[in-house]
Each structure stands twice: as structure tokens, then as C-alpha cells.
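Hi everyone, thanks for making time for this. Please bring the structure up on your screens, and we will walk through it together.

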Amino acid sequence: MSATTRKPRPKEADGVHYRFVTREQFENWIAAGGLLEWAQVHGGEYYGTPREPVQDQLNQGNSVFLDIDTQGALQVMDAMPEAVSIFVEPPTIGELEKRLKGRGTESPEQIEGRIAIAEHEIKQKMRYNYQLVNDDLDVATEELCRIITAEEAQE
């Protein structure tokens with residue numbers, strides 16, 4: 001489960017959507033090498049993936065799925081070259097902006113920042129093993145399942 005220093009949004013719960021932690025706790029994880037990946041984004045907040053729970057699952061033979069940004073994904077790809085990476089992108093930047101506005105959780109300035117980040121991240125998509133356009137959720141889910149099935153068959 002990802003961790004963040006940002007405050008929970010309405011209807012988000014600690015331990016369900018994220019681990020909401022203090023800046024001090026997050027910076028202690030960074031110093032101790034306790035994060036598989038991390039970044040400071042979206043207004044200076046930290047986001048990252050604690051290393052131990054991921055490694056525990058892998059040691060048990062389980063697959064682990066991380067929903068992370070490009071900065072984090074590139075860190076994971078460097079740390080774990082065997083990881084399978086899937087870049088999920090919106091059909092258009094306009095559609096992404098519409099989705100962000102529809103959430104009603106960010107200011108226009110925050111949305112503008114997220115759009116700029118998305119445009120930069122889309123330029124990195126060819127560094128991933130797979131690229132997937134999330135135009136229709138059902139179709140994108142089916143494609144994701146096909147990728148997972150194909151990868152598991154190769155193990």
C-alpha cells in the first residue's frame with residue numbers, strides 16, 4: 001500500500017486508500033532505505049511505497065501491483081529489473097482534465113499542475129513493457145487481465 005504525507009480526501013481512510021503518515025515518518029523511511037520508490041509531488045507532498053510489505057508478498061510467491069507515477073515506476077524498474085511495467089494513460093489530455101475536474105478535489109492550479117505532469121509522464125511511456133489507454137474502463141480492464149495472464153504464463 002502506498003503511503004503519503006498529504007491529508008486524506010473526503011471518504012478516504014487510512015490503511016484503505018493510502019497509509020497517511022507524517023512528514024517526519026516518511027523522511028525517516030527515506031533515510032533508512034525503507035521505501036521501494038518515492039517522490040515529492042503535487043504541492044510538495046511525499047508519496048511512496050514501503051519496501052517491506054512488497055518484499056514480504058514477493059517472498060511468499062505473490063504478485064504485487066503498484067499504482068505509482070512515472071518517477072516511482074522508473075525507480076522500481078531500476079531496483080527490480082524483473083518487474084513488469086504497464087503505463088496506463090488517458091485517451092486525451094482533455095479527457096484527463098475533465099476527469100480531474102469531475103473529482104472536485106483539487107483547485108484549478110492543482111489540476112493545471114497535474115496536467116503538466118501527465119504530459120511529461122506520457123513522454124516516458126515507451127520505457128514501460130506495456131502501454132494501455134484507459135478510454136473505456138471495461139475494455140482497459142480486459143486488456144490489463146490479458147497482460148497479466150500472458151506474463152504469468154511466462155513465469
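Let's begin with a question: is glutamate 142 buried, partly exposed or exposed? Glutamate 142 is partly exposed, because its relative accessible area is 46%, and partly exposed is the class between buried, under 20%, and exposed, over 50%, with a 1.4 Å probe and protein chains only.

Before going on, a word on what you are looking at. This is a predicted model, in which local features need pLDDT of at least 70 and side-chain atom pairs count only at pLDDT 80 or more, while totals for chains, interfaces and linings use all residues. Residues are numbered from 1 along each chain as its sequence is written, and side-chain values use heavy atoms, with hydrogens and water left out.

Back to glutamate 142. You will find this residue in helix α6, which covers residues 137–154; helices here are DSSP runs of H or I with at least four residues, strands are E runs of at least two, and both are numbered from the N terminus. Glu142 also belongs to a surface patch of negative charge, together with Asp135, Asp136 and Asp138. A word on that term: patches are made of residues with over 30% relative accessible area and no salt bridge, with like charges joined within 9 Å and nonpolar side chains (Val, Leu, Ile, Met, Phe, Trp, Tyr) within 5 Å. The accessible areas come from the Shrake-Rupley method with a 1.4 Å probe, and for residues only the protein chains shown count as cover. Asp and Glu count as negative, Lys and Arg as positive, and His and the chain ends are not counted. Each charge is placed at NZ of Lys, CZ of Arg, CG of Asp or CD of Glu.

Now to the salt bridges. How many does the structure hold? There are 10 salt bridges, each one a side-chain nitrogen of Lys or Arg within 4 Å of a carboxyl oxygen of Asp or Glu.

Stay in helix α6 for one of them. Glutamate 143 pairs with arginine 146, and their closest N and O atoms are 2.9 Å apart. These two are separated by about one helical turn, because they sit 3 residues apart in helix α6. Glutamate 143 is partly exposed at 29%, and arginine 146 is partly exposed at 47%. Elsewhere, salt bridges that share partners join Arg6, Arg9, Glu12, Arg103, Glu106 and Arg114 into one network.

Let's look at one link in that network. Arginine 103 bridges to glutamate 106, with 2.7 Å between the closest N and O atoms. Is glutamate 106 buried or exposed? Glutamate 106 counts as buried, because its relative accessibility is 13%, whereas arginine 103 is partly exposed at 41%.

Arginine 99 is partly exposed at 31%, and glutamate 95 is partly exposed at 24%.

Next, polar contacts. Threonine 49 sits in strand β4, residues 45–50, and it counts as buried because its relative accessible area is 1%. Which side chain does threonine 49 join through a polar contact? The partner is glutamate 37, at 2.5 Å. A polar contact is a pair of N or O atoms within 3.5 Å; within protein, one must be able to donate a hydrogen and the other to accept it, and residues adjacent in sequence count only if both atoms are side-chain atoms.

Another such contact, of 2.8 Å, links the side chains of asparagine 62 and glutamine 57. Asparagine 62 lies in the loop between α2 and α3 and is partly exposed at 33%.

Last stop: the loop between β1 and β2. Threonine 5 lies there and is buried, at 10% relative accessibility. Lysine 11 is placed in that loop too, but lysine 11 counts as exposed, because its relative accessibility is 83%. Lysine 11 also has a phi near 75 degrees, a positive value in a residue other than glycine.

From threonine 5 to leucine 144 is 139 residues in sequence and 29 Å in space, C-alpha to C-alpha.
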